[in-house]
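Me: I am new to this one. Can you walk me through it, feature by feature?

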Amino acid sequence: MLTETAAPAPGTKPLEAGDAGMAGSGIRRLLASIPLRDYRFWIIQFLIVLINIGHLRLEEAQVLGGEWALYLLSISVLLIPVVYSALAFGLAGALPTAVWALVLSLPEISSHTWTIRFGILIQFGIVCAIGIIVGIRVDREAAATREADQANLRLSRLNATAAAVAASLDLERVLRGTLRATLDSRKGQIAWIRTLARPHTSGVTIIDASLAEPPQRLDDVQEALTLAACQSGTLQRDEPGGKDPHTVVVALRSGERTLGAIGITQPEGVIQRDECNVLDAIANQLSVALNNIFDHASTREALSDLAEAKRNLETYIELATEAQEAERKRLSRELHDDVLQSLAVAKAQLDAVSPNGASEDTRGRLLGVQGILAETIGSVRLYCKDLRPSLLDDLGLIDAISWLVSELRSRTALDVAMVVEGPRQRLPERDELLIFRVVQEALRNVERHAEATTVRVGLDFCGDRLTVVIDDDGRGMRLSGESAKDFGDAGLGLRGMDERTKLLKGSLVTQSEPGKGTRIALSVPLPQDD
Ligand SMILES: Nc1ncnc2c1ncn2[C@@H]1O[C@H](COP(=O)(O)OP(=O)(O)OP(=O)(O)O)[C@@H](O)[C@H]1O
Ligand SMILES: [Mg+2]
């Protein structure tokens, strides 16, 4: 539906002389449309002259005599050019042809008696009436055909606009395509689209013209109407009376929002009502497309923010993991070099104390403290290795995992086995540490949660990948997806395994079902020899 508002625009145009002719009386219109430039029209008029000459000759030769039937037949022959003219040119052809035939016959008619004149005139009247009826019918059909052609043209312009707006999500391309489809190529139209600035797109004005070079900027009337359409969200035109506009601007709307405006100027001739309807339909299509483009721009912006946040998070996790490992290393070294050494010295000194002469109670206490010291030294050693196994630095991943396995075996009643397959090879220090931490957490989870009896740790150096599998026959768990972190109650352990896998550019698959044990498979790319 068009919502129309009288334009508050300056420079309202008066009616032009040509428009007055178009809107003039029916007779003037008819006279103006006589096909004087069409050669067929003149052939028809010449045929009438020939018929007239023939008729005169027959009369001179007194062939017709008193035979009325023959006499009227020669007048009826005039039906042929009159009807032909009506079929070819409509009323504008039939009427002048009939009048021309009558004019040519007037001298001859006047030579007859009143009774004969009356009969001939009736005959002419019938010829004229047939010509007018056929002419009017032809005119109506031509008008209907023209209307159908116009409708087809409007439809094809709407189709072209629909194709232009659906072709791309690029704002400028859509605007240019829509303008091209909007412009009626037969008229010297100027069309433009203005979009208002939005959060992720700036406002633009694009101008195009059907016949000439498009102007660089809008003139005062176009500018004022466009501003008014953008502000009010309604249709604007340069004729406050609303009858004969040369410029029409339709607002581009999406719900309550005004996205911009599309306008058209037709310097020659007024913009008809149906043209306004086409512009309104184009504006509706364009509004939907603009909405999509603006939404797409915001989504793209949001996605790029999200991608950046993800990148930042990954960098942060990598740095945090490195910092954690550095801190563990420092703690392990301090525990080893400082605390462990002091404990060892204290134990050695205590071992050197001779219990001879001491009371039974003192001896018992001495032995107790020695035992506690030995135990503490053992625990601190374990913590040191746990924090940063020197085996990993010295002998590599396989020995470090093997130490983890034997440590677990000695500490628990678990049946723990380890299998290594494929040609063994060393990985970069950082990667070995990350893999070690994943296996360490997996075994710790088996010990703490699985209630398993057997655990298998497998390392398979196969092709360009290392696959590490930790398999237990414990109580298992319920997973919602493939990743370890898909487990609903995932603590830091499973999440840490997942993040470390990402840093390794590998994959981690956790398979588990309640009562059916758990299998964790880590696969990482092996370094390739160049
Ligand atoms: N091998 C396993 N068998 C059975 N359940 C397991 C196994 N591994 C993990 N789970 C379950 O998954 C949960 C999450 O493990 P995760 O390692 O993330 O956290 P956590 O071990 O509880 O705490 P932490 O943060 O100290 O590691 C565990 O609480 C446990 O219920
Ligand atoms: Mg854990």
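Reply: Start with the domains. The protein chain is divided into domain 1 (33-153), domain 2 (168-302) and domain 3 (394-525). These bounds come from an automatic or database domain assignment. Residues are numbered from 1 along each chain as its sequence is written, with chains lettered from A and ligands numbered from 1 in the order in which they are written. This is a predicted model: local features need pLDDT of at least 70 and side-chain atom pairs pLDDT 80 or more, while totals for chains, interfaces and linings use all residues.

Me: What separates the centres of domain 1 and domain 2?

Reply: A distance of 52 Å, taken over C-alpha atoms.

Me: How do I read two packed helices?

Reply: Two packed helices are described by the angle between their axes and the distance between the axes. Helices (H or I, at least four residues) and strands (E, at least two) are DSSP runs, numbered from the N terminus. Axes are lines fitted to C-alpha atoms, for helices over the stretch in contact, and angles run from 0 to 180 degrees between N-to-C directions. Here, the axes of helix 7 (residues 114-166) and helix 8 (residues 171-182) cross at roughly 175° and come within 8 Å. The two helices are therefore roughly antiparallel, a label for angles over 145 degrees.

Me: Which residues of helix 7 and helix 8 meet?

Reply: Contact needs C-beta atoms, placed from the backbone, within 7 Å. Helix 7 brings R157, A160, T161, A164 and V165; helix 8 brings V174, G177, T178, R180, A181 and T182.

Me: And the sheet: in what order do the strands run?

Reply: Two strands pair if DSSP finds at least two bridges between them. Here 5 strands form an open sheet, ordered 7-8-9-11-10, with mixed pairing. Strand 7 (415-421) and strand 10 (507-512) are at the edges with a single partner strand each, so one side of each has no neighbour in the sheet. Strand 7 pairs with strand 8 (residues 454-462) in the parallel sense over 7 bridges. V416 has V455 in strand 8 as its bridge partner. Helix 14 lies across strand 8, strand 9 (465-472) and strand 11 (518-525).

Me: Which helix gives the most to the shell around ligand 1?

Reply: Helix 14, with 5 residues.

How values were computed: Angles under 35 degrees count as roughly parallel, over 145 as roughly antiparallel, 65 to 115 as roughly perpendicular and the rest as oblique. Two residues are in contact if their C-beta atoms, placed from the backbone, lie within 7 Å.
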